[in-house]
Amino acid sequence: MLTQTTTRVLGPGDLDAALAVLGREPVENAFVTSRVQVAGLDPWRLGGEMWGYYTDGELRSLCYAGANLVPVCAGPDAVRAFADRARRTGRRCSSIVGPAEATSLLWRLLEPAWGPAREVRGHQPLMVTEQPSADVRPDPLVRRIRKDEMDLIMPACVAMFTEEVGVSPLAGDGGLLYQARVAELVGSGRSFARIEDGKVVFKAEIGAATPAACQIQGVWVAPEFRGRGHSETGMAAVVAYALRDVAPVVSLYVNDYNTAARAAYRRVGFREVGAFMSVLF
């Protein structure tokens, strides 16, 4: 019997089927799920298209095609189909990111047309925890950032992004989109920091949040305060907030070469459960 497969751009009427696919892996799909739960599948609200891969009429896999290209629950056949569509539409994203196996194949298929990349991070451990830290006392000075503190937190966010990604988020549009995203996280109560004498010592955000899982991002300690344990006590505080107010599972992914961060997260209680991969343009 021949298997019939097809891909197409999903619309609002496909929302329930898309959420069912996303729900198969709630932790690794937290970023895309959070976007879909807020914006639905309308491309204008979602900030990109959602491609669906069907086998015998059943939606099996997704690919978010916005500022990032993100394969979701995608086996090799789905990845090949998404790569074909991506080649036809041309590169519109600034990165490809997702579960390492699917993202690796997607990049191998796209590299001849889209390469070279500025940087490829082939193995980024995905870490999770479901419990407050048993070994690290949360920093009592880490708190939510208020809306009137945007001018205070923004330079730290820019410094973190530039350090992590290698380019400034202020390039291109002058940082309007990035500032809007930071403001969104502050406004939703998902931006946290320790502030001393008007200076950000530690900061982190809960970037993606669903009822099943959330994802911490943007962890940063000011250079002059590094080596004093702020990343551990600060993360323990953010994890406690996240478990209490947001979701029962807290996740993050980290570059494999950042051995200090990985060790700190393990001390806070995180364990590695998989891997992501990022291709940066």
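Is glutamate 130 buried, exposed or partly exposed, and what is its relative accessible area? In this predicted model, glutamate 130 is partly exposed, with a relative accessible area of 32%.

Glutamate 130 is paired with arginine 271 through a salt bridge, with an N to O distance of 2.9 Å. The two residues are 141 residues apart and link distant parts of the chain: arginine 271 belongs to strand β12, and glutamate 130 to the loop between β6 and β7 (143-144). Arginine 271 is partly exposed as well, at a relative accessible area of 40%.

A network is also present, in which Arg143, Arg146, Asp148 and Glu149 are joined by salt bridges that share partners.

## Other salt bridges

The structure holds 21 salt bridges. One of the pairs is arginine 87 with aspartate 84, whose closest N and O atoms are 2.3 Å apart. Both lie in helix α4, and because they are three residues apart, about one helical turn separates them. In general, an α-helix has 3.6 residues a turn, so residues three or four places apart point the same way. Arginine 87 is partly exposed, with a relative accessible area of 36%, and aspartate 84 is partly exposed with a relative accessibility of 36%.

A further salt bridge connects the side chains of glutamate 119 and arginine 121, at 3.0 Å from N to O. Glutamate 119 is partly exposed, at a relative accessible area of 26%, whereas arginine 121 counts as buried, at 9% relative accessibility.

## Helix α5

Helix α5 comprises residues 100-114, 15 residues in total. Its end C-alpha atoms are only 18 Å apart, which falls short of the 21 Å that a straight helix would reach at 1.5 Å a residue. A bend of about 35 degrees occurs in α5 at arginine 108, and proline 112 follows within four residues.

The buried residues of α5 are Ala100, Ala102, Thr103, Leu105, Leu106, Trp107, Leu110 and Trp114. Among the elements that cover them are β4 (68-72), α4 (76-89), β5 (95-99), β6 (119-129) and β12 (271-280).

## Nonpolar cores

The largest nonpolar core has 42 residues, of which Ile153, Val182, Ile216, Met235, Val238, Tyr265 and Phe270 touch the most other members. At least two residues of this core come from each of α6 (150-165), α7 (176-187), β8 (191-196), β9 (199-209), β10 (214-221), α8 (230-245), β11 (250-253) and α9 (259-268). Another core, of 25 residues, lies apart from it and includes Val79, Leu110, Trp114 and Phe281.

When residues up to four places away in sequence are not counted, phenylalanine 270 touches Met127, Val128, Thr129, Ile216, Met235, Val239, Val250, Ser251, Leu252 and Tyr265.

## Backbone geometry in loops

Most residues other than glycine have a negative phi, and most peptide bonds are trans. Glycine 115 and proline 116 are joined by a cis peptide bond, with omega about -5 degrees. Proline 116 is located in the loop between α5 and β6.

Cysteine 73, in the loop between β4 and α4, has a positive phi, near 50 degrees. Cysteine 73 counts as buried, at 17% relative accessibility. Aspartate 197 also has a positive phi, about 50 degrees, although it is not a glycine. Aspartate 197 is found in the loop between β8 and β9 and is exposed, with a relative accessible area of 85%.

Methods:
Residues are numbered from 1 along each chain as its sequence is written. This is a predicted model: local features need pLDDT of at least 70, side-chain atom pairs count only at pLDDT 80 or more; totals for chains, interfaces and linings use all residues. Side-chain values use heavy atoms; hydrogens and water are left out. The expected span of a helix is 1.5 Å times one less than its number of residues. The bend at a residue is the angle between axes fitted to the seven residues ending there and the seven starting there. Buried means under 20% relative accessible area, exposed over 50%, partly exposed in between (1.4 Å probe, protein chains only). Contact means heavy atoms within 4.5 Å. A nonpolar core is a set of buried Ala, Val, Leu, Ile, Met, Phe, Trp, Tyr and Cys residues joined through side-chain atoms within 4.5 Å. A salt bridge is a side-chain nitrogen of Lys or Arg within 4 Å of a carboxyl oxygen of Asp or Glu.
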